[in-house]
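Here are my notes on the strands and the charged pairs. Please read them with the model open.

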Amino acid sequence: MVPRPVEDEESAPEHEAKKPQKQTAPQAAEDAPEPSDERPGELTAESVSDATTPADAEPAAESGDAPTGETAPADADDAPEGPAFEVSDRRASITADRDGVRFTLDDEAADFRWDEIGAVEVGVPRFGRRFTVTVHTITRRQYHVDVDAPARSALNEWTAELDEVLDAYFEEA
């Protein structure tokens with residue numbers, strides 16, 4: 001390989017990109033933004049709101065409002081009254097509240113209102129961590145979902161919590 005001589009900008013072919021020239025003090029002064037009344041590094045309310053908040057974003061919550069990432073209920077009627085029960089694992093979930101019992105498994109869901117439930121059965125195995133809830137409807141059908149507990153000790157806690165919800169909402173006829 002033979003080294004090539006370094007070419008200056010004037011002798012370089014026109015198809016090659018020209019190197020940027022260094023700015024001198026008079027050129028830098030022309031390109032600099034105009035000075036303003038603000039001190040360097042000072043942020044104004046207009047610059048902060050324009051730069052960080054999109055036009056369609058909601059205003060930030062005040063310090064006494066709900067924690068970050070959570071929204072407070074808009075109405076007191078939206079907040080659940082009484083006890084509620086909810087457990088889930090990677091595939092299934094069981095929810096019982098004032099509206100009834102809801103089972104989900106993967107993408108499927110089944111809702112049961114309290115007036116259509118004939119009985120609720122809880123199954124806890126002697127060995128293992130599987131928590132089973134079976135809903136018997138008044139039309140003599142039954143539906144069940146299994147949820148794997150993180151620890152065997154959670155099974156007794158879950159049974160007690162579900163019994164509390166059933167005592168509050170379920171009326172045996």
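1. Val87 has Ile94 of β2 opposite it. Ser88 also has a bridge partner in β2, namely Ser93. Please keep in mind that the model is predicted.

2. These residues belong to a hairpin formed by β1 and β2, with 3 residues between the two strands. Strand β1 covers residues 85–88 and strand β2 covers residues 92–97. The two run antiparallel and are joined by 4 bridges.

3. Which residues of β1 lie on the covered face, and which on the uncovered one? Phe85 and Val87 are on the covered face, while Glu86 and Ser88 are on the uncovered face. In a regular strand, side chains alternate between the two faces of the sheet.

4. How many salt bridges does a search of the whole structure find? It finds 4. Side chains of opposite charge can pair when their charged atoms come close.

5. Asp106 and Arg91 form a salt bridge, with 2.7 Å between the closest N and O atoms. This pair links distant parts of the chain, 15 residues apart: Arg91 is in the loop between β1 and β2, and Asp106 is in the loop between β3 (100–105) and β4 (108–113). Asp106 has a relative accessible area of 46%, so it counts as partly exposed. Arg91 is likewise partly exposed, at 43%.

6. A salt bridge also joins Asp115 to Arg113, and here the closest N and O atoms are 3.1 Å apart. Is Asp115 buried or exposed? Asp115 counts as exposed because its relative accessibility is 55%, and the cut-off for exposed is over 50%.

7. Arg130 pairs with Asp148 in a salt bridge whose closest N and O atoms are 3.5 Å apart. Arg130 is partly exposed at 44% relative accessibility. Asp148 is also partly exposed, with a relative accessible area of 31%.

Notes
Residues are numbered from 1 along each chain as its sequence is written. This is a predicted model: local features need pLDDT of at least 70, side-chain atom pairs count only at pLDDT 80 or more; totals for chains, interfaces and linings use all residues. Side-chain values use heavy atoms; hydrogens and water are left out. Buried means under 20% relative accessible area, exposed over 50%, partly exposed in between (1.4 Å probe, protein chains only). Two strands pair if DSSP finds at least two bridges between them. A salt bridge is a side-chain nitrogen of Lys or Arg within 4 Å of a carboxyl oxygen of Asp or Glu.
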